[in-house]
Amino acid sequence: MTRLPLSLDPDALRSFVTGVECGSFALAATKLCRSTSAISAQLKKLESQCGTTLLVKKGRHLALTASGEILLSYARRLLALNDEAQRAVKGELLQGEIRIGMQEDFGEALMPGILGPFSRQHPGVKITARVDRNPALLRAIEEQALDMALLWQPEQHAPGGQLLGTWPLEWIGHQSIDIAPALKRGEPLPLVMFDAPCVMRARATESLDRAGIPWRMVFISHSLSGIWAAVQAGLGITVRTRVGMPSELVPLNGMLPSPGQLGVSLLGAAGEATEAQRLLQTLMTEAVANVTLRQAHAAG
């Protein structure tokens, strides 16, 4: 007879996730109305069920092992599904409205895989999505016209912001472009950018200025699709991340000074988030984390 796989204890998973999110299992014990020893026993039980160490001591604190990082993502999803099943049985499915904003890069390359499944699983939640640039999204959050926004990390700290990951910026051009002759002759590099103010435009021009490389704006766009179209047409080069980069384009690594990295931030409006908002925030956090890992792998 085939042995059935062991089922992970939901209470142990909840203690594990809460402890990691609180940054302290003593705080998790208080939040879950359990003793610290009970939380500790649950964590040991979970490690026994998984057959591996999930946490290690680093000074006074506990840190996730590689296995712990893997389990954390699954644990959040298992608990979300568990809680959703209970609400469904009790007739308490999520209801309400979420107004979400996102920068164009995320709107085209990241959010369809989040909002689609979320809407199908929670049909009672109405989602209103807005795709815009950083300044407009920041204003909308301040005016509480949006409940949350996924955007590039603002140059100045924004209240309520959470840094989800940091992605490398890269010079990108058409696969047929050869900028070496222009660099050798000292000709201005043709740039394709958003109109100012734009953090990536500023990073691009500042890095070239520091390196003493001349440049000129040959195409200014109000949309990301316009930028990609112009670069695909061979009009010039741009600075973006690889997220959403068309297949005909390639990073121009090693040929130009690095424009650095840029953080991905999740901002929430003032006030207590609803359960639906918290769930969507968790899904967005996981999606950005997955892209961050892929970015690091590609850069390596």
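**View 1. Domain assignment of the predicted model.** The domain assignment of the protein gives domain 1 (10-90), domain 2 (96-167 + 263-298) and domain 3 (170-259); the model shown is predicted. The centres of domain 1 and domain 3, taken over C-alpha atoms, are separated by 45 Å.

**View 2. Helix α1 (residues 10-22) and its ends.** With 13 residues at 1.5 Å a residue, helix α1 should span 18 Å, and this agrees with the 18 Å between its end C-alpha atoms. After α1 comes Gly23, which has a positive phi, near 75°.

**View 3. Buried residues of α1.** Ala12, Leu13, Ser15, Phe16, Val17, Thr18 and Gly19 are the buried residues of this helix.

**View 4. The second largest pocket, with a volume of about 890 Å³.** The lining comprises 30 residues, of which Ser73, Arg76, Thr285, Glu286 and Ala287 are the closest to the pocket centre. Two or more lining residues come from each of the elements α4 (66-89), α6 (112-121), β6 (161-168) and α11 (275-299). Helix α4 gives the most to this lining, with 11 residues.

**View 5. Composition and setting of the second largest pocket.** By residue class, the lining holds 17 nonpolar, eight polar and five charged residues. The second largest pocket lies between domain 1 (10-90) and domain 2 (96-167 + 263-298), because both domains give residues to its lining.

Notes:
Residues numbered from 1 in each chain as written. Predicted model: local features only at pLDDT ≥ 70, side-chain atom pairs only at ≥ 80, totals over all residues. Heavy atoms only, no water. Helix = DSSP H or I, 4+ residues; strand = E, 2+ residues; numbered from the N terminus. Expected span 1.5 Å × (residues − 1). Buried < 20%, exposed > 50% of the residue type's maximum accessible area, 1.4 Å probe, protein only. Domains from an automatic or database assignment. 1 Å grid on protein atoms, 1.4 Å probe; cavity = no way out; pocket = protein on both sides within 12 Å on 5 of 7 lines; lining within 4 Å. Points joined across faces, edges and corners; volume = space filled by probe spheres on them. Nonpolar A, V, L, I, M, F, W, Y, C, P; charged D, E, K, R; others polar.
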